[in-house]
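Hi everyone, and thanks for coming. Please have a look at the sequence and the structure on the screen, and then I'll walk you through them.

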Amino acid sequence: MVSVRRDQLLVLRGAERPGPRPRGVSPRPHRAAARLRDEQGNALVEFVVLSAALLIPTLYLVLTLGNVQAAVFAADTIARDTARIHAVEADPGTAAERSSRHAAMILEDHGLAAEDVVTLRCSEDPCATPGGTVTAQVRIPVPVPGLGPILGEGGPVAVGSSHAVQVDQYRAGR
């Protein structure tokens, strides 16, 4: 609640109010006109500079995250399929060859360098022993676009995946 004293109320009633301002006339016409003259064309330059400053890092981030996501998909696929191949294939040499070819194909499909990225652990020897467990771990280094000479070809980011498959306990021997 606002309290107003009687002498203040008299001052407000006796004061002259300014009349309505004509449209388009600002209280300080010279300053506003000078400001408008000074800023002609600056908005376009600011838009171009800010767009470049924000657009380039955003595109770089999108490309980098795309590479990381591709590596994640590749690592997951390689781990799952390598564990299954070794759990199903009775001959360890054939299983190693098939899983190696499969990993190289997946890495090539995702645009990554073909290298040895799989670590395989088997609870029984050979891996396809009924009742055993085959675990495949994959670690893929992800290159960062444009920073290869500085950070190295492997890059500071690596993604990984692990998958375990239980060998069928009642499978028929070959």
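**Strands, a sulfur link and a pocket**

Before going on, a word about the model: it is predicted, local features need pLDDT of at least 70, side-chain atom pairs count only at pLDDT 80 or more, and totals for chains, interfaces and linings use all residues. Residues are numbered from 1 along each chain as its sequence is written, and side-chain values use heavy atoms, with hydrogens and water left out.

Back to our strands. Two strands count as paired if DSSP finds at least two bridges between them.

Another facing pair here is A136 and H163, the latter in β3. On to β1 and β2, which are also antiparallel and are joined by five bridges. There, R121 stands opposite T135 in β2.

Put together, this is an open sheet of three strands in the order β1-β2-β3, with antiparallel pairing. From one strand to the next, the twist averages 15 degrees; axes here are lines fitted to C-alpha atoms, for helices over the stretch in contact, and angles run from 0 to 180 degrees between N-to-C directions.

Next, the loop between β1 and β2, where P126 lies. A cis peptide bond joins D125 and P126, with omega at about 0 degrees. As background, most peptide bonds are trans.

Now the cysteines. A disulfide is a pair of cysteine sulfur atoms within 2.5 Å, and by this rule the count comes to one. It joins C122 to C127, with 1.6 Å from S to S. The link of C122 and C127 is right-handed, with 70 degrees about the S-S bond.

Are these cysteines buried or exposed? Buried means under 20% relative accessible area, exposed means over 50%, and partly exposed is in between (1.4 Å probe, protein chains only). C122 has 29%, so this residue is partly exposed, while C127 has 18% and counts as buried.

Let's move to helix α3, where we find N67. N67 is partly exposed, with a relative accessible area of 29%. The C-alpha atoms of N67 and V144 are separated by 7.9 Å, and these residues are 77 apart along the chain.

Last stop, the pocket lining. Which elements each supply at least two residues to the lining of the largest pocket? They are α3 (42-88), α4 (92-109) and β1. The largest share, six residues, comes from α4.

That's my tour, thank you!

Note on methods. Helix = DSSP H or I, 4+ residues; strand = E, 2+ residues; numbered from the N terminus.
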